[in-house]
Amino acid sequence: MIRFILLQNRQGKTRLAKYYVPLEESEKHKVEYEVHRLVVNRDSKFTNFVEFRTHKVIYRRYAGLFFSVCVDITDNELAYLESIHLFVEILDHFFSNVCELDLVFNFHKVYLILDEFILAGELQETSKRAIIERMSELEKLD
Amino acid sequence: MNPFSSGTRLRDMIRSIRACKTAAEERGVVRKECADIRASINENDPHDRHRNLAKLMFIHMLGYPTHFGQMECLKLIASPGFPEKRIGYLGLMLLLDERQEVLMLVTNSLKQDLNHTNQYVVGLALCALGNICSAEMARDLAPEVERLIQFRDPNIRKKAALCSTRIVRKVPDLAENFVNAASSLLKEKHHGVLITGVQLCYELCTINDEALEYFRKKCTEGLIKTLRDITNSAYQPEYDVAGITDPFLHVRLLKLLRVLGHGDADASDLMTDILAQVATKTESNKNAGNAVLYECVETIMAIEDTSSLRVLAINILGRFLSNRDNNIRYVALNMLMKAIAFDDQAVQRHRVTILNCVKDPDASIRKRALDLVSLLVNENNVKQLTEELIDYLEISDEDFKEDLSAKICSIVEKFSPEKIWYIDQMLKVLSEAGKFVKDDVWHALIVVISNASELHGYTVRALYKAVLTFSEQETLVRVAIWCIGEYGDLLVNNVGVLGIEDPITVTESDALDVIEDAITRHNSDMNTRAMALVALLKLSSRFPSISERIKDIIVKQKGSLLLEMQQRAIEFNSIVDRHKNIRSSLVERMPVLDEATFNVRRAGSLPASVSTMSKPSVSIPNGVAAAPLVDLLDLGSDDILAAPSSSGADFLQDLLGVDLGSSPAQSDATQAPKAGTDLLLDILSIGTPSPAQNSTSSIDLLSTTDYNKNPSIALETLSSPAPPHKATTSSAGMFDLLDGLSPSPSPEATNGPVYPPIVAYESISLKIEFSFSKTPGNPQTTNVQATFINLSPNTFTDCIFQAAVPKFLQLHLDPASSNTLPASGNITQNLRVTNSQHGKKSLVMRMRIGYKVNGKDVLEEGQINNFPRGL
């Protein structure tokens, strides 16, 4: 199960934080700080998995953004790496060549996409096309 | 009205915040916006609510507190329009979590929305519920969600499935309600619903055993068929990732099959085909393929045994190990740790690769590889592995050295085939990474060294050489000092040279240089210096020729600023000066520290606390002085209370003289002054109950159950926390008691029944005394320490002691401490006698001693009949 998903830039600013386990605000800030520190210093040749407290964080860097997913210790890391990539592809498609600024100004939409992709810490849909279609239906309602 | 399409206010706010150059500026802008929002909330204007909430969410993401917006979420959720609801639910999920009581207020709205006609609204509600519902809400709304699993729209079905997953996690009791619905989901064609259905089933199986049984019986075959279908399916562009159709679904299905097959042979049988197919057919050049293979291997490991499948799995892991991609290697190392459990051989084949992974630049891989290596070690490969690991230790990073050295030490300790190898390896580790080695490790090393009496000479020489090169490693220096102190004479006289050693000559003053260096060097810590002082005391007895220099060093330390050092220096100096007669007996060789007992205590000991090392030693003198002289003379007190902290660590610390004011002085019963011995023993028996600071836990030796069972505890094993120390630090009266006492065999000690030492032989020129001890648990064997005392004014050289015993006894002689018996001096020799007629016949021995005096050979012989009964 996914415990939280973080999108952070290289300076440590959190662009998206979705928690599937309850945490106090201060704890959340601490977690974000720690994950950022763990992830930002790692060489690109190293593995994409780091141990974090009693769980593990699977991360990948896309341009200036780190996508970090914290999962239970027994989960399949390679599969979550794939799911991070799928999420990035969806964002890319939705925003047409996404950049960090798109994510900043349209943060509410990013959350909506995420909610269509992952629910309760588990994958909800594996087809990029299905998610994009759903998003366009929802946009029409607005 | 859509807050985002007009959007100027939200976008403007974001722009203005981003335009701020400093944090203070940003705080100002945020404060202003929050004030506006609060004002707007107070006005209760529905039009701006959604925009306000959107702004609030952004501010929240920046890290500012936004509690005042929580009620706005609720109001928005309760509004009729879809956009308002959407932003309301979004805000709810962002600003609140399940632990807030405000969440309860939403339950009613949620219930209504779950029954809404607009399926998008239903979707919103399910989403919110699935992400943050609490246990009470889950209980309340479970029936609604259950109903929705069968909804006509697949989007709702999949959301409902995942929402149920959360509900079941929060409230496991509700699991039974969802079983039927879940099993119907497994027949879906739509991938999204299928994957969520599989997820739900997995969750149900892990939580509820009956569900597990149900799924196992009913659904295994269906699942296998589904997996087969997608493995064999044609190219589906929608789900394809790197040539695999929907790898996520593959992975989830495999995971569910794992749970179903684990522990059940029939189910496992059904799966073998498809698992073999997935394992062999999946392409592994891309991450997606590897993810599927990884899950497949995990499943194979978990289900019931089919050896061919397992072989397949380990081969896959072997391939992973040699992959260039770090991720794959990491995953392989992880899995191999589990594989060792049932196929050690196969994993051993990859030992070399794994060893190379220990040297990898990536820290995660190094750690995993090291864990794996320690699982791989067995008696056959331990030497080779250790060699490689130690080689790597020299070049590894500082932060890794600690882990690595700890692992090497534990491997060496568990698997070492012979003592000499163990000592060698430990020496190497200490030389490289001494400062990372923990205390109990080098304590154990010392126990082993003292037990390996034939290696004493070798060890002390090796340590001497090592210390010359690696004098910065604190632990190495400590072990070396202890050994040089104990076995200095072996070092200087080149005793016990093994064939493999290079000959070195070490003079007494060389050995002394090492110790002096340790004391005077500025970065030695206090324990090292304290140990060095003790070693000096021992050497002052063993190296009589340079005792002046030793005395000088000790005297210099009298002015040390460290209290511990000062105290020891003063005491030792007075021993050296005024108590030459008991000095040699005080610093006799340490008795062999019983390994078995040590290990037991160490295993059961409290986590090695508190450096008792660093406790100030101030209270010791006070403590002892406080015990009135009357108590000291109380001969009858056999009550030896255990000191509170009787940990193995303390026990050894005292013996090593590291602990406060303790010196590994020996009270050899045969040598110590008669009355003095009584007093000393009494002090020892009183010593423990005295103030807690006085960690005289060597008394614990006597008080442990092991020893108590064994009646004959030799006084030798009373390595006391410095009876001279106590003697010297308490009132001067004590000194007088000790002064002027001549060595003579003492009568029974007062510490429990022990066999009294005897005078085995006495003539005008030579006296031989035997003192006895028994190894605990072995009543037939007696350890005898024979002391040869030269009563004549001439020196005896080439002393050889021979003994013969009747057939029912077995005799073993250790080498004597020396072959030269100086005038009025003594040498000791240990014997071991095993009495096969223990209890029926007592010991009897014929002995002969030959020596040279003034160039003449002399032979003295006699029969020893006065062994104590019961030996």
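Visitor: What share of the 871 residues in chain B is buried?

Guide: Keep in mind that this is a predicted model, where local features need pLDDT of at least 70, side-chain atom pairs count only at pLDDT 80 or more, and totals for chains, interfaces and linings use all residues. Residues are numbered from 1 along each chain as its sequence is written, chains are lettered from A in the order in which they are written, and side-chain values use heavy atoms, with hydrogens and water left out. Buried means under 20% relative accessible area, exposed over 50%, partly exposed in between (1.4 Å probe, protein chains only). For chain B, the buried share comes to 58%.

Visitor: How many residues does chain B bring to the contact with chain A?

Guide: Contact here means heavy atoms within 4.5 Å. Chain A puts in 58 residues, and chain B brings 71.

Visitor: And what area is buried between chain B and chain A?

Guide: Buried area is the accessible area (1.4 Å probe) that two parts lose on being put together, summed over both. Carbon and sulfur atoms give 55% of it, and the total is about 5800 Å².

Visitor: Which residue of chain A meets B:Arg368 in a salt bridge?

Guide: For a salt bridge, a side-chain nitrogen of Lys or Arg must lie within 4 Å of a carboxyl oxygen of Asp or Glu. That rule finds 10 of them across the interface of chain B and chain A. In the one with B:Arg368, N to O is 2.7 Å, and the partner is A:Glu51.

Visitor: How many aromatic pairs turn up over all chains, then?

Guide: Rings of Phe, Tyr and Trp (its six-membered ring) pair if their centres lie within 6.5 Å; planes under 30 degrees apart count as stacked, over 60 as edge-to-face and the rest as tilted. Searching the whole structure gives 14.

Visitor: How are A:Phe67 and A:Phe87 arranged as an aromatic pair?

Guide: Their centres are 6.4 Å apart, with 75° between the planes, so by the cut-off of over 60 degrees the pair is edge-to-face. A:Phe67 sits in strand S5 and A:Phe87 in helix H2 of chain A, so the pair ties together parts 20 residues apart in sequence; helices (H or I, at least four residues) and strands (E, at least two) are DSSP runs, numbered from the N terminus. Both residues are buried, and the arrangement asked for is edge-to-face.
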